[in-house]
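Biologist: I'm new to reading structures, and I'd like to learn how to go through one piece by piece. Could you walk me through this one?

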Amino acid sequence: MYQTTYVRASSLAEAANLLRDNPDAKLISGGQTLVPTLRQRLARASHLVDIVHLAELRGLTLEGDRVVIGATTTHAELAASDLVRQRIPGLAHLAGLIGDPPVRHLGTIGGSIANNDPAADYPAAVLALNAAVHTSRRTIGADDFFTGLFETALDPGEIVVRVSFPIPRRSAYEKFHQSASRFALVGVFVAVLADGSIRVAVTGAGPCVFRATSIESALARSFTAEAAESAAISADGLNSDIHGSAEFRAHLVPVLAARAVAQAR
Amino acid sequence: MAHDGIGARLPRKEDRRFITGAGNYTDDIVVRNAAHAEFVRSPHAHARILRIDVSAALRAPGVIGVLTGAELADDKVGGLICGWMIHSKDGSPMRAAPYAPLARDVVRYVGNPVAIVVAETKNEARDAAELVEVEYEELASVVDPAAAQAPGAPQIHAEAPGNTIYQWALGDKGAVDRAFAGAAHRVEVDLINNRLVPNAIEPRAATAIYDRAEGRFTLYTTSQNPHVTRLVLSAFVGLAPEHKLRVVAPDVGGGFWSKIFIYPEETVCLWAARRLGVPVKWAADRRESFLADAHGRDHVTHAEMAFDASHKIVGLRVKTIANLGAYMSTFSSSVPTYLYATLLSGQYDIPAIYAEVDAVYTNTTPVDAYRGAGRPEATYVVERLMDIAARRLRIDAAEIRRKNFIRSFPHQTPVIMNYDTGDYEASLNAALSAARYAEFPARRAEARSRGKLRGIGLSCYIEACGLAPSQAVGSLGGGVGLWESAEVRVNPVGTIEVLTGSHSHGQGHETTFAQLVAERFGVPTDQVSIIHGDTDKVQFGMGTYGSRSAAVGMSAVNKALERVEAKARRIAAHLMEAAESDVELKGGEFVVAGTDKKIAFANVALAAYTAHNLPPGTEPGLKEGAFYDPVNFTFPAGTYVCEVEVDPKTGAVEIVQFTAADDFGTIVNPMIVEGQVHGGLAQGIGQALLEGCRYDRDSGQLVTATFMDYAMPRARDLVSFNVSTTATPCKTNPLGIKGCGEAGAIGSPAAVINAIANAIGVERIEMPATAQRVWETCRAAQAAVAAQ
Amino acid sequence: MAQINVKVNGRAVSKQVEDRTLLVEFLRETLGLTGTHVGCDTGQCGACVVHLDGRAVKSCTMIAAQASGSEITTIEGLAKGDELHPMQAAFHRHHALQCGFCTPGMIMTAVDLLRRIPHPDEATIRANLDGNLCRCTGYHNIVKAIAAVAESGAGV
Amino acid sequence: MDMTGTQHIEAPRDVVWAALNDVEVLRQSIPGCQSIEKVSDTEMNAKVTLKVGPVKATFTGKVTLTDLDPPNGYTITGEGSGGPAGFAKGSAVVRLVEDTASTTLNYEVKAQIGGKLAQLGSRLIDATAKKLATEFFEKFGEAVAPPAEAAAAEPATTEKKRGWFRRLINK
């Protein structure tokens, strides 16, 4: 790791100021992606601004018809939360599939969605559930949040504060693990929202999480595993690497969607 | 007294330090004023070094020195060696090119060390290493062994035209040709034995110290054979004569052969410690382990088997290209030859075998032995062929094997080996019954109702262990003898220290070797300590690999124990005024047969040291040494049965049952032996399902250089194994031990692949059988069925 | 430089280290607690697992400064004097270790598992070892040892 | 990794060809370009900073133009060393097809990375190369023929950022 200066932010404003004044400063919450990257010297951080201790980023609450999750909520906390398990079982299940237990004890939802790794799990839930991302400056809808490979709508210095999930009628997540990293080779989140609309989000398969509209339409006609599995996904533009070709990923999307439909509750 | 001799399931004596965090691994050792090393490595697969500028690095904070191949050459530090001479078919010696610890003119693989940076702290060394500027002129590279010999392929070493190191052959070509000509059936297969990275969880590390006053080096290092390391560094690299070089291998976190070889990094650290006048400490990070530890396997093979009308094998023909990487590592030449082709007879009576092996250089990390070393590759060839033959000839996979088993011993194969003993039918029957083989069809049908394809696969492996009779090794080109040494020191109070040239890095020698002493002398194991891994303590040894420690190392201990016992008996007889021939050692006491006269072993020891009353002409003390040179290899063998379920929609393979029935001869500690089998199985199953080292064909870049891309078997990838043993004690060593360390890795890949092929109903699927590969195979199989 | 105030194995420790110091480096190099190991650089192998405020974490995937203010338990702090923790005893009894290098992290993960899930089935045990690699044992006896502790109810 | 793509540009072929040889246009088009200096008509020295997620590396190297076939196309090659991170190479064979007042630019890209980047980032090579190539030709298209409506009217929106991968996924 290169030299850096660690700062434990005492407020969101202080963190934002540090980021504004130091273009090479980086936020650190769980650090489960950032620290290995820094260890490999693939990035430098003039400052590491730790926001994990900020009270305003904590919390896991029911607010009307939404579950609101503080940005520094760890995967383990979310997976174990009775509230989430009861209201959005697919989300709790997803959180319990991320990484491994020690990673889940530190990794946070805010860090994960801000990083927007193409194979991360959370983006699929945020997009499928049509969550709202509340930042230090504004609220960004899920459809607008994830913009590309490791890219989000977040502006420099903008910090994710909490993520607000509307409680769906049903949800489920199916993940096909990449066998080495245990990231998603393909992950499919299926949600039936309160208004009955169906959203299917796919991670791992493309350069960025995306909605599988062909599966959504098929499920709108018939919310069955067979309908999901019969929908075709084109391999064009999907990821291809040593772990899976674009064709294999394209094939897995409807297969996993069908399994998610069967699991959805 | 609890039985803790041979055969006892004794929990390990060494465990306590490991479970409490008190282990003493190389990187745990603190040396005052030690500086830290970082290696600058080639980012290119093949390039000419035009210029190295170390000036900026030298100015960086904390830097003590930056050294390159030029300085290494100035100091006349020799190159690394490959210690086994192989001759080609035409009689010419293998074309081994020089292997400089730091590349000077040309780099030949990604990760090839170019310079060492030594600084006060690890981070300073890493900071400074980034400031070493190396200008390269990129050259074309080749990483695929099958492409390395092609006309126009990039030339890696001037010494090896066509990148061919040797073209070796074993067996009677004419006999095989005749057998094939007259055969009723022939089957053939093309196989790739996938390249693996050993990945012991402890990365390699070294701490090198030079004592200027004494002119003496000490090297703490992650080694499976410290004496061989010392021998090579002394006699070939020429860093110091042996008496001026102490090599210590403390607790070592797994090896699987990868910590046998004498590598550039340890060598350079030792030299840098003298040149820079500071102790130098280095520990690889995992990415470096991927780049710099010798890889394993990497064979491309075409094999054919011929059968007569009654399904008896009449001939086997094998052609293999073995990738040895960019330089020839310590034992690399022997792996695809004498550790491979000599096992191609498997458990079968095959009258004629002919194997040709071409070894090639490529622009990849050097390849050497990895758990099993040649024998897994041989088993894979034979057992894949047997399965394909069973399928083609429409007979049961177990039956075709049974029909061809060797049934009388000793058995001379057409490929050098002489099997002393075995009962292959017994292990096959044990495995089939434990695996409920007969009931498999019902399980398959049940799985089908769940949409899963269930398959079962067998593998009847044999290996040659107990490496190895020195004279035989020498006649085949080996540069060293493969005996083992031991010394037994009985202290005046009767406690015993056993010094062995074997090295434990997980095998549990501190327990099993003590069990041997307990067995012979009736001394509790807690009064025995096993000392190993330090050239200042143990006079010489050949180390631990090839499942040799029990069969060879323990036989040496046994020999020394016999000598101790003989002297102790002489003293005991004298003390009890009895004839030596009437005195026997029983339960820790010497007794005079037919009388109640007895004396405790400890009292005899005390008498030996007080020396007040010894038989005339007897020297004081009780300490004996021995060297044991095996007269033959040992031949562990067994049958593995793997059962899988394939999800045809995703290609996911689940191992649902794995059964092993092994014949290891005499077993010292069944608990430890089972552990060895479990670990070997995990590595073999890993090879079959998950692990595959990949280079980019165009650029020669290593693209599986972390655990993010190289899939290591995890707990959830495996099942609880169903292991058992049958026994035909080895006839060529005094303890009847055959060895157990590698069997799991040798026998299992074929069992897994045979099971998957059986599930899908195809002949061929490559390792690793990843989800994508399995899915594609399922799809092709379905398409083929649909087309019919 | 960062000021690190932590309680390690019950002992308060206060040290200044470079900000870039990893927690595992702090434990091994600054405090000499070499029972915690480093087996990879990408957070997969789990040889470095320690407990941070009672939860298993990878000490190589955290800088020491992040841990300041916390309580840390390493493998060295698990036994009560000469009395082994039940998980340590089970690893010994069931031969759940060979080379011992992954063992400290494996034991710390196993203890954490049984604190969260006192009675896991075999599949749950295996799934909870996703973050710990062992190259020697094939996990067979590790799973057995953890199951035995769970059965005895002595896990916590 | 290999990929092909097409960029439609509302400008005549001669204008596009000239822009392909214009250092200033290249500077605006190369993603993360910090500086570019002309050494000759066909060779430039460049410094480029690439950021992919948490990874950030600065490459110094050169851009060369070969197989010049005015005004039909050329091959543009960039190769640079990212110091300890490794190195990256990319080339694009560019063919211009005139279509009355506009031009269709077809490209065929090859990319390669080496050293630490390849060892650690193999899963991202393809996606990153596609992203960079698409960005390069999009920016190039915009530089040659800015969209008709005033660019200022459109804020730096999410929609715009989404452009490149939407096109790739196009679901």
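Biologist: Let's start with chain A. Into which domains is chain A divided?

Modeller: Keep in mind that this is a predicted model. To read domains, look at which stretches of residues are grouped together. Chain A is split into domain 1 (5-50), domain 2 (55-166) and domain 3 (170-263). Between the C-alpha centres of domain 1 of chain A and domain 3 of chain A there are 33 Å.

Biologist: How many residues of domain 1 of chain B are in contact with domain 3 of chain B?

Modeller: For a contact, count the residues on each side. Here 15 residues of domain 1 of chain B meet 13 residues of domain 3 of chain B. On the domain 1 side, H7 and S11 of chain B are the elements giving two or more residues, and H7(B) gives the most, with 4 residues. By class, that side of domain 1 has 8 nonpolar, 4 polar and 3 charged residues.

Biologist: Where is Lys259(B) found?

Modeller: You'll find Lys259(B) in the loop between S11 and helix H8 (264-276) of chain B.

Biologist: Why does Lys259(B) count as buried?

Modeller: You count the C-beta atoms around a residue. Lys259(B) counts as buried because it has 28 C-beta neighbours inside 10 Å, and the cut-off is 20 or more. Setting aside neighbours within four places in sequence, Lys259(B) is in contact with residues including Arg204(B), Thr222(B), Val252(B) and His505(B). By comparison, Ala303(B) is 44 residues along the chain from Lys259(B), with 32 Å separating their C-alpha atoms.

Biologist: Which residues have the most contacts inside the largest nonpolar core?

Modeller: With a core, ask who sits in it and who touches whom. The largest nonpolar core holds 475 residues, and Ala257(A), Val117(B) and Ile756(B) have the most contacts inside it. Helix H16 (residues 549-575) of chain B contributes the most to this core, with 13 residues. Beyond its neighbours within four places in sequence, Ala257(A) touches Val188(A), Val190(A), Val200(A), Ala212(A), Ile215(A) and Ala228(A).

Biologist: Now for contacts between chains. How many residues does the contact take from chain B and from chain C?

Modeller: Chain B gives 43 residues and chain C gives 44. Helix H1 (15-19), helix H9 (286-292) and helix H18 (670-689) of chain B each supply at least two residues of the chain B side, and H18(B) has the largest share, 7 residues. That side of chain B has 19 nonpolar, 14 polar and 10 charged residues.

Notes
Residues numbered from 1 in each chain as written. Chains lettered and ligands numbered in written order. Predicted model: local features only at pLDDT ≥ 70, side-chain atom pairs only at ≥ 80, totals over all residues. Contact = placed C-beta atoms within 7 Å. Nonpolar A, V, L, I, M, F, W, Y, C, P; charged D, E, K, R; others polar. Core = buried A, V, L, I, M, F, W, Y, C linked by C-beta atoms within 7 Å. Buried ≥ 20, exposed ≤ 12 C-beta atoms within 10 Å, placed from the backbone. Domains from an automatic or database assignment.
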